[in-house]
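Please keep the sequence and the model in view while reading.

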Amino acid sequence: MNMSDAERIATTLESINYTPASTEKEADLIVVVSCSVRQSAIDRIHGKIRNWNLRKTKEPLVTVLTGCVLDEDRLAFKKVFDLVFDIENLAQLPAMLADKTAEAEKEIENYFKIIPRYTSAFQAFVPIMTGCNNFCSYCAVPYVRGREYSRPHTEIIAEVRTLLKNGYKEITLLGQNVNSYGNDNPKEITFPELVQLVNDESDDFWLRYITSHPKDMSDELIKKFIQASKLTDYLHLPLQSGSNEILKKMNRHYIYEHYKKLIEKVRAEKPDIAISTDIIVGFPGETNEQFMHTVRAFEEIKYDMAYISQYSPRSGTAAAKLEDDVPKPEKKHREKVLTDILAKTALKHNKKYLDKEVTILADRYQKGVLFGRSGSFKLVAVKTEPRDLIGKFVKVKITDANAWALTGEMA
Ligand code: SF4
């Protein structure tokens, strides 16, 4: 979501004649898109703004903060940033900046109507909704982004159509909980219907979506892995914990057995699909026994990838009222235990690609190596002469695999 916010902010700023700076030092306007999910992100902003305010004593600089900002952080940030605004009010940013810079010329009306300055010429994130109704106990998003709002599907399709017309090869539908798209508006279509509509827009692109919530993952959506041919063989489905007691404390509204059944259904439709997850270790009160349920989940599900984070309290959330009682070294240990299992299961999955041909979307070329992601979101590196391949689908024969990446040669 933050990437999409940033792209829309870029468009808004360019509409009032700002141009992108190549480094932070060159910028005379810095906009921070904050993320409230983790305290560490907020702490980093405090560190940055101290330096920027020192810089302001020597040269002109305007600092702006937006994104997910809790009320109590907002009060503190208002004292140190030149401007703090809600992302929903992005359309008014030029007017707000006008007070600070006297350069604003134009006002754009609606956040979703702002065409972002996409950071890639071939991959685009298309937001389909904002907000979240789930109130996971560790997460600040519902407080700072508000309730779910589904963007009209006609607007989404129009944005996708323009992107595809301009040669984009990968579209990622974006939302905090895409599976509940349309639930806030009885007249709107469902997420599986939206996936199908986007799928049918063109023959030559890949379609992805993030993020899904297991409680809202329907059989109809699972079937789209077969029915929607542009949907890639990759599913990111956050588990967060394998312990039903911890899931309850996290307010996740599902149990591990439900999650496992979903994975079985998905694999029944698409046996080779790659599956990744998010996990929090060291949630308040997580005992070793409860953690072992997550270990069991890793052993049973055999993930391709997992984004494992050590719990840190986010003030203003329900979990922040609980004692953060799992010691840091123990959190670190639990993260390592899971990472070690992941390394084994990921390697096993990746070895299946040896000697096989896969298609990647090439996204960069560095020191004689072409990099890209496969449909199953595997990082693939190919030694090759410089060629005009960035942003194109390229066929690669896989010659080597480790847990985190594949290596290949041009097929
Ligand atoms: S689903 Fe939970 S973790 Fe995700 S944004 Fe909503 S409240 Fe936060």
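The sections below treat the annotated region, the ligand, the pockets and the cavity in turn.

## The model and its annotated region

The structure is a predicted model. The UniProt record, an unreviewed entry, lists "domain: Radical SAM core" for residues 118–348.

## The ligand and its surroundings

Which residues are found around the ligand? They are Cys132, Asn134, Phe135, Cys136, Tyr138, Cys139, Val141, Pro142, Gln176, His213 and Arg252. Sorted by class, this shell consists of seven nonpolar residues, three polar residues and one charged residue.

## The largest pocket

The ligand takes up space in the largest pocket. This pocket holds about 1,500 Å³ of space. Its lining is made of 49 residues, and those closest to the centre of the pocket are Met1, Ile210, Thr211, His236 and Asp278. Several elements give two or more residues to this lining, including helix H1 (2–14), helix H5 (141–145), strand E10 (274–281) and strand E11 (305–310).

By class, the lining of the largest pocket comprises 24 nonpolar, 17 polar and eight charged residues.

## The second largest pocket

The second largest pocket contains about 880 Å³ of space. It is lined by 34 residues, of which Leu13, Ala27, Leu29, Ile30 and Val31 lie closest to its centre. At least two lining residues come from each of H1, strand E1 (29–34) and helix H2 (39–55). Which element provides the largest share of this lining? That element is H1, with seven residues.

The lining of the second largest pocket has 19 nonpolar, six polar and nine charged residues.

## The cavity

How many cavities of 30 Å³ or more does a search of the whole structure find? The search finds one. The volume of the largest cavity is about 60 Å³. Its lining residues are Leu207, Arg208, Tyr209, Phe225, Leu231, Thr232, Tyr234, Leu235 and His236. By class, six of them are nonpolar, two are polar and one is charged.

Strand E8 (206–210) and strand E9 (234–236) each contribute at least two residues to the lining of this cavity. In terms of domains, at least three lining residues come from domain 2 (120–231) and at least three from domain 3 (233–352). His236 lines the largest cavity, and His236 is also among the residues closest to the centre of the largest pocket.

Definitions and conventions
Residues are numbered from 1 along each chain as its sequence is written. This is a predicted model: local features need pLDDT of at least 70, side-chain atom pairs count only at pLDDT 80 or more; totals for chains, interfaces and linings use all residues. Side-chain values use heavy atoms; hydrogens and water are left out. A residue is near a molecule or strand if one of its heavy atoms lies within 4 Å of it. On a 1 Å grid over the protein atoms alone, a cavity is a set of points where a 1.4 Å probe fits but cannot get out, and a pocket is an open set with protein on both sides within 12 Å along at least five of seven lines; lining residues have an atom within 4 Å of a point. A molecule sits in a cavity or pocket if more than half of its atoms lie within 2 Å of its grid points. Ala, Val, Leu, Ile, Met, Phe, Trp, Tyr, Cys and Pro count as nonpolar, Asp, Glu, Lys and Arg as charged, and the others, Gly among them, as polar. UniProt positions are given in the numbering used here, feature names are shortened, and annotations may be inferred rather than shown by experiment. Grid points are joined across faces, edges and corners, and a volume is the space filled by probe spheres set on the points. Helices (H or I, at least four residues) and strands (E, at least two) are DSSP runs, numbered from the N terminus. Domain bounds come from an automatic or database domain assignment.
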